[in-house]
Amino acid sequence: KNIAIFASGAGSNAQKIIDHFSDSTIARVTLILCNKPDAGIFRIAEKENIPAILIEKDPFFRGDDYVQLLQREQIDLVVLAGFLWKVPANLVQAFANRIINIHPALLPKYGGKGMYGHFVHEAVINAGDAESGITIHYVNEKYDDGATILQERCTIVPGDTPETLAKKVQVLEHTWYPVIVERLLTNEAVSH
Ligand code: GRF
């Protein structure tokens, strides 16, 4: 099975997924797409010898070119890992239930446009919540709105800052995202 990863930043989740499948027969990461030319993920792609594509805004929001690209590359699962743009409707439809995202909070709270990274953890702490966590979900036409696949929680203790919370949440991301990707691709293998 072929996995395409969309990212906008450092790509630490992408690295964990690449590592998880490095000697797997089930799947491998065969394509990386990113909308930020200076993002760290391009260094990861280079190091891992995985083709990486810089996403151009207008063609992406037209959607067709990228649908054809992903179909031509026989992509089975699209994994958003810190990708900050909304996925255009025709890409969502062409890959129905085959695009997933990870959000660093317990949706439906603290989701939506602009809620990413530091902003999310700050909002959770300012709200005085006793816990946060991750939500891995299917992607639909809205931000952070598709069906939940998995949620994992972590505690928030007095003195936690957005930085210390981000670290706890990142451990959950790196632990669970590769596991869920494998589970989705394995089940699919079983069901066909
Ligand atoms: C993570 O916080 C993830 O939950 C969110 O974007 C960030 C990606 O970080 N979707 P990285 O680029 O994988 O390090």
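What share of the contacts in the protein chain with a separation of 6 or more comes from residues 24 or more positions apart? Keep that in mind as we walk through this structure, which is a predicted model.

Let's start with the parts. The protein chain contains 7 helices and 7 strands.

Now for the overall form. A compact globule of 192 residues would have a radius of gyration near 16 Å, and the protein chain agrees with this because its own value is 16 Å. Taken along the principal axes, the box filled by the C-alpha atoms is roughly 50 × 35 × 35 Å.

Back to the opening question: residues 24 or more positions apart account for 66% of those contacts. As for what is hidden inside, 48% of the 192 residues are buried.

Charges are next. The protein chain carries 18 positive and 23 negative side chains. The centres of these two sets lie 1 Å apart.

Finally, let's look at cysteines. A disulfide is a covalent bond between the sulfur atoms of two cysteines. Here the count comes to 0 disulfides. Cys 34 counts as buried because its relative accessible area is 0%, under the 20% cut-off. Cys 154 has a relative accessible area of 11%, so this residue is buried by that rule too.

Key. Residues numbered from 1 in each chain as written. Predicted model: local features only at pLDDT ≥ 70, side-chain atom pairs only at ≥ 80, totals over all residues. Heavy atoms only, no water. Helix = DSSP H or I, 4+ residues; strand = E, 2+ residues; numbered from the N terminus. Rg over C-alpha atoms; globule rule 2.2 N^0.38 Å. Buried < 20%, exposed > 50% of the residue type's maximum accessible area, 1.4 Å probe, protein only. Contact = heavy atoms within 4.5 Å. Lys, Arg positive; Asp, Glu negative; His and termini not counted. Charge placed at Lys NZ, Arg CZ, Asp CG, Glu CD. Disulfide = S-S within 2.5 Å.
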